Amino acid sequence: MGILAWILIGLLAGIIAKALMPGRDPGGIIITMLIGIAGGLLGGWLGKVIFGVDSIDGFFDLSTWIAAIIGSLILLVVYRLVTGNRRHS
């Protein structure tokens with residue numbers, strides 16, 4: 001898959017992860033999108049390292065989307081733990 005496909009999957013995975021884990025985040029939509037992109041890459045890498053499978057086969061494969069969403073959820077949890085309950089005025 002090309003880099004544009006990765007970015008698109010990451011953006012959509014970030015939106016899905018945010019919907020699965022609602023709540024106030026210290027960052028806005030840009031941070032959520034960046035977390036989604038990084039989460040997509042993280043999910044693909046973890047799938048390959050932990051399970052020994054090529055979870056990133058193609059844009060429309062279910063395993064690609066599951067890996068991207070799980071990676072995005074992991075990064076969203078880590079982001080919330082690191083930033084805590086900071087409030088931006």
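Threonine 83 is buried, since its relative accessible area is 11% (buried means under 20% relative accessible area, exposed over 50%, and partly exposed in between, with a 1.4 Å probe and protein chains only). The model is predicted, so local features need pLDDT of at least 70 and side-chain atom pairs count only at pLDDT 80 or more, whereas totals for chains, interfaces and linings use all residues. Residues are numbered from 1 along each chain as its sequence is written, and side-chain values use heavy atoms, with hydrogens and water left out.

Threonine 83 belongs to helix H3, where helices (H or I, at least four residues) and strands (E, at least two) are DSSP runs numbered from the N terminus. A polar atom of the threonine 83 side chain lies 2.8 Å from the backbone oxygen of tyrosine 79, a residue that is likewise placed in helix H3. Tyrosine 79 itself counts as partly exposed because its relative accessible area is 21%. Although tyrosine 79 and isoleucine 31 are separated by 48 residues in sequence, their C-alpha atoms are 9.7 Å apart in space.

## Overall arrangement

The secondary structure of the chain consists of three helices and zero strands, which gives the pattern α-α-α when read along the sequence. Of the 89 residues in the chain, 36% are buried. Among the contacts (heavy atoms within 4.5 Å) with a separation of 6 or more, 73% are accounted for by residues 24 or more positions apart.

The accessible surface of the chain amounts to about 5600 Å², and carbon and sulfur atoms hold 73% of that area; such areas come from the Shrake-Rupley method with a 1.4 Å probe, and for residues only the protein chains shown count as cover.

## Serine 72 and its surroundings

Serine 72 is also found in helix H3, and this serine counts as buried because its relative accessibility is 1%. The side chain of serine 72 reaches the backbone oxygen of alanine 68 at 2.9 Å. When residues up to four places away in sequence are not counted, serine 72 touches Ala13, Gly14, Ala17, Ile35, Gly36, Gly39 and Gly40. A further pairing across the sequence is that of serine 72 with lysine 18, which stand 54 residues apart in the chain but 8.6 Å apart from C-alpha to C-alpha.

Alanine 68, whose backbone oxygen is reached by the serine 72 side chain, has its own set of partners: with neighbours within four places in sequence left aside, alanine 68 is in contact with Ile9, Ala13, Gly39 and Gly40.

## Isoleucine 70

Isoleucine 70 lies in helix H3, which spans residues 62-83.

Note on methods:
A polar contact is a pair of N or O atoms within 3.5 Å; within protein, one must be able to donate a hydrogen and the other to accept it, and residues adjacent in sequence count only if both atoms are side-chain atoms.
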